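This report looks at pairs of oppositely charged side chains. Have the sequence and the model at hand while reading.

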Amino acid sequence: MSVHGVTQRGGAQGLPVIRATDFVVSNGANLGDPVAHASELILDDVYTLDVDARRLRLSLEIADQHSNFTIAAGTQTGRPGAALHLDCCATFMAPDGTIVEALILVELDRDGMIADTYVMTLADLRPRTDYALVAVDTESARQKFAALACVSFTRGTHITMADGAQRRIEDIRPGDRVLTRDSGAQTVRWIGQQTVRATGAFAPITIAPGALNNEGPLRLSPNQRLFVYQREDKLGAGRSEVAIKAEYLVNGETVTRGNGGFVDYFQILFDTHEFIFAEGIATESLALDTRTGPVLPREIRAKLTSDSGLSRRAPLSRPRPVDLPEGMLDSTVAADLLRKASAH
């Protein structure tokens with residue numbers, strides 16, 4: 001069962017989840033029980049994924065300034081309007097030593113009682129495989145969720161600087177000036193770095209040279225959006241300027257998804273959400289919001305949110321591109337179609 005990155009529709013965010021009832025204790029103290037919230041989980045219990053388990057989209061939105069969630073309209077599972085609690089991060093181990101982390105989300109009814117429980121795994125789960133619960137962490141769940149929402153470049157990615165020079169992402173520092181598509185030269189406020197397992201929701205996407213008229217390979221996080229200017233509206237989007245997530249372009253040939261090992265991810269933050277040029281492709285930078293805020297150092301987050309001169313809204317110098325949703329393009333031909341639509 002493959003698990004991909006988050007998707008967004010308007011103000012809502014779609015999470016790929018499975019129902020807790022599809023991931024049940026097959027050996028241990030809670031024999032026969034589905035995965036539950038932290039206080040009911042028992043270490044060393046062994047869980048098995050149901051062979052008929054389906055990945056569903058759980059749509060959520062931020063409910064208030066404290067980053068509490070509610071289930072959004074259009075969700076495939078759950079009751080729209082219900083409160084949703086990000087409970088914990090559970091870690092499971094397969095017999096071959098494979099580690100799978102999972103975020104446990106709890107839906108509440110109108111009386112504040114548990115109505116349903118969902119599991120968002122950060123790596124692949126396989127049916128007919130035993131997964132022993134080895135850790136439960138209620139402190140890191142918010143940061144894990146924030147990491148999923150971050151857009152990231154891998155080590156070695158060349159970024160176009162304000163003077164036109166090409167510099168590797170890992171060599172860029174706060175205070176450096178980078179060329180942006182909408183706002184000209186902009187100052188880097190923060191550069192983040194994390195090393196994660198390159199599996200599931202964190203498995204990087206590689207866009208081969210020439211796939212989108214790029215000279216070098218571009219390797220980035222699955223949920224990162226790429227900007228494409230259509231000289232002809234071959235997509236029927238009604239706009240010449242479109243944006244599409246990297247994972248929607250995977251075709252197994254010119255755009256591929258890595259899997260296995262570890263990957264170094266770097267995030268780049270400006271005063272506003274920007275499109276910058278990575279390996280020549282206009283690609284979005286990190287946006288500071290209630291989802292991504294927990295990955296920032298406290299002092300950086302405090303400065304950016306308290307400084308009235310810094311706006312997290314999109315730059316107004318040009319219209320923002322229209323987002324192409326999942327399923328609008330056939331992934332087997334999407335990259336080729338976008339390349340031709342943007343060709344000189």
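The sections below cover the basis of the model and then its salt bridges.

## Basis of the model

This is a predicted model, in which local features need pLDDT of at least 70 and side-chain atom pairs count only at pLDDT 80 or more, while totals for chains, interfaces and linings use all residues. Residues are numbered from 1 along each chain as its sequence is written, and side-chain values use heavy atoms, with hydrogens and water left out.

## Salt bridges across the chain

The structure holds eleven salt bridges (a side-chain nitrogen of Lys or Arg within 4 Å of a carboxyl oxygen of Asp or Glu). One of them joins D116 and R19, whose closest N and O atoms are 3.1 Å apart. This pair links distant parts of the chain, with D116 in strand 9 (residues 114–121) and R19 in strand 2 (residues 12–19), 97 residues apart. Strands are DSSP runs of E, at least two residues long, numbered from the N terminus.

D116 has a relative accessible area of 23% and R19 one of 30%. Both values count as partly exposed, the class between buried (under 20%) and exposed (over 50%), using a 1.4 Å probe and protein chains only.

## A buried pair

R225 and E284 also meet in a salt bridge, at 3.4 Å from N to O. R225 lies in strand 19 (residues 225–229) and E284 in strand 24 (residues 281–284), so the pair ties together parts 59 residues apart in sequence. R225 is buried at 13% relative accessible area, and E284 is buried at 7%.

Salt bridges that share partners join R168, E170 and D171 into one network. Within the pair D171 and R168, the closest N and O atoms are 3.1 Å apart. D171 is partly exposed at 31%, and R168 is partly exposed at 41%.

Terms used. Helix = DSSP H or I, 4+ residues; strand = E, 2+ residues; numbered from the N terminus.
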